[in-house]
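Student: I would like to go through this model piece by piece. Can we begin with the ligand?

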Amino acid sequence: MGTFTTLVTKQKGFFRTGTTRDITYRLDALQKLRIAIKSNEQVLIDALKEDLNKSEFDAYTSEIGLVLEEIRFAIKHLRLWVKPKRVKTPITHIGARSFILSEPYGTALIISPWNYPFQLAIVPLIGAISAGNCSVIKPSELTPKTSKVLAKLISDLFPEEYISVVEGDAETSQALLNEQFDYIFFTGSVSVGKIIMEAAAKNLIPVTLELGGKSPCIVHKDANIKLAAKRIAWGKFTNAGQTCIAPDYLYLHKSIKNQFLQQFKETTIDLYGKQPLTNENFTRIVSARHFGRLTSFLDNGEIFIGGGYNQEKLTIEPTVLTNITWEDPIMQDEIFGPILPVLEFEELPDVLEGIHRHPKPLSLYIFTENNKVQEKVLSDVSFGGGCVNDTVYHFASPYLPFGGVGSSGIGAYHGKGNFDSFSHQKSILKQTTLFDIPYRYPNVKNGLQKIKFFMK
Ligand code: NAD
C-alpha cells in the first residue's frame, strides 16, 4: 500500500456515492471557493509577496483576479456545458438517436509549479470541480507560503474525500504518481512532464501536460514599434520573466533594430524604473539555483540594457542581450527569467526556418501590420497558441483553450476547455425498439447487397 492509497481510496469511495455528479453540488463548491478566495485576498497577496516578492498589482491581476474570473465564467456556463450534446445519426442507423455525455473521470491529480503558484493550482481545480471530479492538488515546494495558504483554504472548505491538498516535493509527487488516479493534470517543465507521462502510462491514466519551451517573439519591419516595445517589455518582465508564455527571445528585423531597442529601453524604464533593483515591486527569482543559472547567461552576446543583479535579494534587472546567435548557451533552453536575447533577421523565411529547427513552442508572438506576414507565420509554424501584436494576453481569455503542442504540452484548458479536459466524452446511441433493420444480420437473403448500397 502506498503513502496516499488511503486518501485516494477515500476519494474514490466519495466519487462512487454520486455526490459530485449533482450540478448543484458543483456550483455550490465553486461558489464557496470564490467566496473563500475573496475573503483570503490579503492573506494570498502576503504569501505571494513572501514567496516571490510579487507586487499586489501582479498578485491580483495574474493570480487572484484571473482565478475569480475563471470561477465566474464556469458558474455562468456550467448548466449549459453539462447538457448532453445531441448529434446527428447516419441513415444506416435509422430509428436511433445519438448524443454525447460529459462524464467526470473520477479522481484527478493536479500537480502545479511555483511561478504562478496559486493560479496554476486553482484554475485546473475549477475544471475538475465543474466536471464533477474529486481532486488531489500537489502544489510546488518552492513557494511554501502560498502552498500553505492553499492547503488551509481548501481544507477549511471541503472534506478531504472531495478535495485535498498534499504539500511536498518531487518525492511526494512520485508517491502520488504511484496511485491509481483517473486523470492527471500537470503543469511544469518538459523534463518532469516526461516523468509524469511515463508514470501515467503504467496505469494508462489520461493526462494534460502544460509544459514550456522557448516562445519566440517576432518584430517585423512594419510593426507599430511603440506598442510592440511596451507589450513585449511587459510580457517579458512581468513576474521577472518567470512566465511559461513570456516571450523567450526576440527575432528583430534588422532595419528597425536600433529604433526598436531605443524605444524598448525607454519603455522598460517607464515600467520598472531607472533602477529596477531598488524597485520594491520587482518580482524576485524563485531560488538560488535558478538565480545562478540565469546570471551565468549575462556574458552571452552584449548587454544592451540591464545586466545588474542582487545576489542577496535574488533579483535581476530587466536585461536585453544583443549579438546573440542560436549557438549561445542562453538559446539552448527556456530562459524563465528577465533576460531577453535578441536575434536579428532580414528575411522572414530565415525566422521560420530558425523556429522549425527547434521544438514546437508553447507560444508565439508576431508584431506586424502586414496581414500576409501574419497569415504566413500563423500557418507555417506549429505552436500552442499566441498573439498577433500582443504578448501573453491570450492566456487570460476563457474563450481560448490554452495549451501546448509537441514538447510544449498535450491538451488544453481554461473556460469550457477546462471543463472538457476533466470530462470523458461518452458517446451513446439510443436505439428504437419499434422496428429492427433486418439487413444488419448475416442471415438475411441479399442482405449484403442492400448493405453495399448504403455502405460504399
Ligand atoms: P517542475 O517541473 O520542476 O515542477 C513542477 C511540479 O512537479 C512541482 O510540483 C514539483 O514538485 C513536481 N516535480 C518536480 N520534479 C518531479 C519529479 N521528478 N517527479 C514528480 N514530480 C516532480 O517545474 P517548475 O520549475 O515548478 O516550473 C517551471 C516550468 O513550468 C517551466 O518549464 C515552465 O515553462 C513550466 N510552466 C508551464 C506552464 C503552462 O501553463 N504550460 C505554466 C507555468 C509553468
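Tutor: A backbone N or O atom of Gly188 lies 3.2 Å from an oxygen atom of the ligand. A polar contact here is a pair of N or O atoms within 3.5 Å; within protein, one must be able to donate a hydrogen and the other to accept it, and residues adjacent in sequence count only if both atoms are side-chain atoms. This is a predicted model: local features need pLDDT of at least 70, side-chain atom pairs count only at pLDDT 80 or more, and totals for chains, interfaces and linings use all residues. Residues are numbered from 1 along each chain as its sequence is written, and side-chain values use heavy atoms, with hydrogens and water left out.

Student: Which residues come nearest to the ligand?

Tutor: A residue is near a molecule or strand if one of its heavy atoms lies within 4 Å of it. There are 28 residues around the ligand. Those that come nearest are Lys138, Glu141, Ser189, Leu211 and Glu334.

Student: How much space lies in the largest cavity?

Tutor: A cavity is a set of points on a 1 Å grid over the protein atoms alone, where a 1.4 Å probe fits but cannot get out; lining residues have an atom within 4 Å of a point. Points join across faces, edges and corners, and the volume is the space filled by probe spheres set on them. The count is 1 cavity of 30 Å³ or more. Its lining includes Lys236, Asp248 and Glu334. The space is about 60 Å³.

Student: Which residue of β2 stands opposite Arg86?

Tutor: Strands are DSSP runs (E, at least two residues), numbered from the N terminus. Two of them pair if DSSP finds at least two bridges between them. An open antiparallel sheet has the order β1-β2-β18. Antiparallel β1 and β2 (residues 97-104) are joined by 3 bridges, and the residue opposite Arg86 is Phe99.

Student: What is the bridge partner of Ile137 in β5?

Tutor: Another open sheet has mixed pairing and the order β5-β4-β3-β6-β7-β17. Its edge strands are β5 (163-165) and β17 (409-410). Strand β4 (residues 134-138) runs parallel to β5, with 3 bridges. The partner of Ile137 is Val165.

Note on methods: On a 1 Å grid over the protein atoms alone, a cavity is a set of points where a 1.4 Å probe fits but cannot get out, and a pocket is an open set with protein on both sides within 12 Å along at least five of seven lines; lining residues have an atom within 4 Å of a point. Helices (H or I, at least four residues) and strands (E, at least two) are DSSP runs, numbered from the N terminus.
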